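User: I am new to this structure and would like to learn how its features are read. May we go through them one at a time?

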Amino acid sequence: EKEAKQIKEETNPEKLIHIMEQEPDPFNHRILKDKILQFSDFTLPRIIERLRNNRNDAFAELAVEVIYESNVDCGVQLLEILDSIEDPYTSSLVCLLLGLVGPKDGIQHIWNYYHFFKNEYPHKTYDQGPLLALYEMKERFSLK
């Protein structure tokens with residue numbers, strides 16, 4: 001309840017992003033996402049930039065949800081940072097997001113990530129993000 005109150009009263013978008021990085025209680029995710037989306041012109045570019053060096057799974061998951069729910073076309077920016085993301089889980093999530101909102105010319109890039117993850121991390125599920133992205137892109141772009 002204290003965290004929810006803090007989020008509702010916060011007017012500094014940078015502090016809201018900081019709250020995202022602190023692994024907020026899942027019960028407060030909706031409140032936090034709604035508040036962050038109120039400042040989307042400020043928050044989205046900063047959230048995307050923070051994905052490059054992210055090592056926090058909870059932040060990555062929230063970031064992908066916020067970007068998706070924003071309905072702002074960030075596909076090109078996400079594709080541009082994909083190769084510079086250091087954390088494989090974050091990369092996998094960004095690939096999945098690209099499948100939902102990314103440009104058609106990102107298909108080959110996502111295909112390459114699918115094979116990279118499959119080969120480099122055979123005992124992890126990182127390849128599932130790019131794989132699901134490819135299925136989504138197939139549907140979105142009516143590919144055979």
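User: Which residues does Thr-43 touch, not counting residues up to four places away in sequence?

Analyst: The model is a predicted one. In it, Thr-43 touches Pro-13, Ile-17 and Ile-36, once residues up to four places away in sequence are set aside. Thr-43 itself has its place in helix 4, which covers residues 40–50.

User: Does Thr-43 count as buried or exposed?

Analyst: Burial is read from relative accessible area, and buried means under 20%. Thr-43 has 0% relative accessibility, so it counts as buried.

User: Where does Arg-46 lie, and with which residues is it in contact beyond its neighbours within four places in sequence?

Analyst: Arg-46 lies in helix 4. Leaving aside neighbours within four places in sequence, Arg-46 is in contact with Glu-14 and Ile-17. The C-alpha atoms of Arg-46 and Ile-17 are separated by 8.4 Å, while the two residues are 29 residues apart along the chain. The side chain of Arg-46 also reaches the backbone oxygen of Phe-42, at 2.9 Å. With a relative accessible area of 33%, Arg-46 is partly exposed.

User: Which residue forms a salt bridge with Arg-30?

Analyst: Arg-30 forms a salt bridge with Glu-69, and their closest N and O atoms are 2.5 Å apart. Distant parts of the chain are linked by this pair: Arg-30 belongs to helix 3 (residues 29–38) and Glu-69 to helix 5 (residues 57–70), 39 residues apart. Arg-30 counts as partly exposed at 39% relative accessibility, and Glu-69 counts as partly exposed at 29%.

User: With which residue does the side chain of Glu-65 meet in a salt bridge?

Analyst: The side chain of Glu-65 meets that of Lys-33, at 2.6 Å from N to O. This pair, too, links distant parts of the chain, with Glu-65 in helix 5 and Lys-33 in helix 3, 32 residues apart. Glu-65 has a relative accessible area of 31% and is partly exposed, whereas Lys-33, at 7% relative accessibility, counts as buried.

User: Which residues are linked in a network of salt bridges?

Analyst: The network links Arg-30, Lys-33, Asp-34, Glu-65 and Glu-69.

User: What is found at the start of helix 2 and just after helix 2?

Analyst: At the start of helix 2, a side-chain oxygen of Asn-12 reaches to within 2.9 Å of the backbone nitrogen of Glu-14. Just after helix 2, Glu-23 takes a positive phi of about 55 degrees.

User: Which residues are buried in helix 6, and what covers them?

Analyst: In helix 6 (residues 75–82), the buried residues are Gly-75, Leu-78, Leu-79, Ile-81 and Leu-82. What covers them includes helix 4, helix 5, helix 7 (88–101) and helix 8 (107–120).

User: How many helices and strands are there in the protein as a whole?

Analyst: The protein has nine helices and zero strands. Of its 144 residues, 43% count as buried. Among contacts between residues at least 6 apart in sequence, 66% join residues at least 24 apart.

User: How does the radius of gyration of the protein stand beside that of a compact globule?

Analyst: A compact globule with 144 residues would have a radius of gyration near 15 Å, and the protein has 16 Å, which agrees. Along the principal axes, the C-alpha atoms fill a box of roughly 50 × 30 × 25 Å. The accessible surface comes to about 8,300 Å², of which 49% belongs to carbon and sulfur atoms.

How values were computed. Residues are numbered from 1 along each chain as its sequence is written. This is a predicted model: local features need pLDDT of at least 70, side-chain atom pairs count only at pLDDT 80 or more; totals for chains, interfaces and linings use all residues. Side-chain values use heavy atoms; hydrogens and water are left out. Helices (H or I, at least four residues) and strands (E, at least two) are DSSP runs, numbered from the N terminus. Buried means under 20% relative accessible area, exposed over 50%, partly exposed in between (1.4 Å probe, protein chains only). Contact means heavy atoms within 4.5 Å. A salt bridge is a side-chain nitrogen of Lys or Arg within 4 Å of a carboxyl oxygen of Asp or Glu. A polar contact is a pair of N or O atoms within 3.5 Å; within protein, one must be able to donate a hydrogen and the other to accept it, and residues adjacent in sequence count only if both atoms are side-chain atoms. The radius of gyration is taken over C-alpha atoms; the globule rule is 2.2 Å times the number of residues to the power 0.38. Accessible areas come from the Shrake-Rupley method with a 1.4 Å probe; for residues, only the protein chains shown count as cover.
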